[in-house]
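Let's sit down with a model and learn to read its features one at a time. Bring your questions, and we will take each from the general idea to the case at hand.

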Amino acid sequence: MGRSQETFGKKDNEKKRAKKKTEKEERKAERQANAKSGAALEEMFAYVDENGNITSTPPDPTKKRVIKDEEIQISVRKQEDREPEDTLRTGTVTFFNTSKGYGFIRDSQTQESIFVHANGLGGITIGENDKVTFEVEMGPKGPNAVRVRLGSATPPPAAPAAE
């Protein structure tokens, strides 16, 4: 005749499942016994003191401060009007890949490496070690050189002041 389909491993797994089930029921009963059902509304309140800490006692009304809506700042303050920086910079092309149309220019004043794309060249062709003048605009990934022109390493003279 046929043997029973239950093996030692199956019996053991069934015992583990039954044990987990009883433990779960015990925890549920314990939670229900310890629950504060029907607690007063005041017992469920939480308060914030003058230092920003959560407490169960109401705040002291003598320490209350009145804050005007106009004084609340949600964003960063606007920058004060300041004199615009000299946007025309000079530098040397350190790398330029003509097939892919991008490269880098080293700023002669800050020694910062600035990305340049063929779209910012205005139709001119540049190569490595060329002296250029350019302007910097912030792109999605950082500063980009735009309006690049071949030129000397010294900036053009400033226009004389109008009298």
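## Reading the fold, from barrel to aspartate

Q: Before anything else, what kind of model is this?
A: A predicted one, so some care is built in: local features need pLDDT of at least 70.

Q: How many helices and strands does the protein have, and in which pattern do they follow along the sequence?
A: There are 2 helices and 7 strands. Reading along the sequence gives α-α-β-β-β-β-β-β-β.

Q: How do strands of a sheet pair in general?
A: Through backbone hydrogen bonds, in either a parallel or an antiparallel way. Here, 5 strands form a closed barrel in the order 3-4-5-7-6, with mixed pairing. From one strand to the next, the twist averages 50°.

Q: In which sense do strand 3 and strand 4 pair?
A: They are antiparallel, joined over 6 bridges. For one example to find on screen, look at phenylalanine 96, whose bridge partner in strand 4 is glycine 103.

Q: Where do nonpolar side chains tend to be in soluble globular proteins?
A: They tend to be buried together. In this protein, the largest nonpolar core has 11 residues, among them Val93, Phe96, Ile105, Ile114 and Phe134. Strand 3 (88–97), strand 5 (113–117), strand 6 (131–139) and strand 7 (142–150) each give two or more residues to this core.

Q: How much of the protein counts as buried?
A: Of its 163 residues, 14% do. The accessible surface comes to about 14,600 Å², and carbon and sulfur atoms hold 52% of that.

Q: What share of the contacts joins residues 24 or more positions apart?
A: Among contacts with a separation of 6 or more, the share is 43%.

Q: What does the side chain of aspartate 107 reach?
A: The backbone nitrogen of glutamine 109, at 3.2 Å.

Q: Which residues is aspartate 107 in contact with, leaving aside neighbours within four places in sequence?
A: Arg89, Thr90, Gly91, Glu112, Ile114 and Phe134. Seen from isoleucine 114, the contacts beyond four places in sequence include Asp107, Phe134, Ile105 and Ala145.

How values were computed: Residues are numbered from 1 along each chain as its sequence is written. This is a predicted model: local features need pLDDT of at least 70, side-chain atom pairs count only at pLDDT 80 or more; totals for chains, interfaces and linings use all residues. Side-chain values use heavy atoms; hydrogens and water are left out. A polar contact is a pair of N or O atoms within 3.5 Å; within protein, one must be able to donate a hydrogen and the other to accept it, and residues adjacent in sequence count only if both atoms are side-chain atoms. Contact means heavy atoms within 4.5 Å. Helices (H or I, at least four residues) and strands (E, at least two) are DSSP runs, numbered from the N terminus. Buried means under 20% relative accessible area, exposed over 50%, partly exposed in between (1.4 Å probe, protein chains only). Accessible areas come from the Shrake-Rupley method with a 1.4 Å probe; for residues, only the protein chains shown count as cover. A nonpolar core is a set of buried Ala, Val, Leu, Ile, Met, Phe, Trp, Tyr and Cys residues joined through side-chain atoms within 4.5 Å. Two strands pair if DSSP finds at least two bridges between them. Axes are lines fitted to C-alpha atoms, for helices over the stretch in contact, and angles run from 0 to 180 degrees between N-to-C directions.
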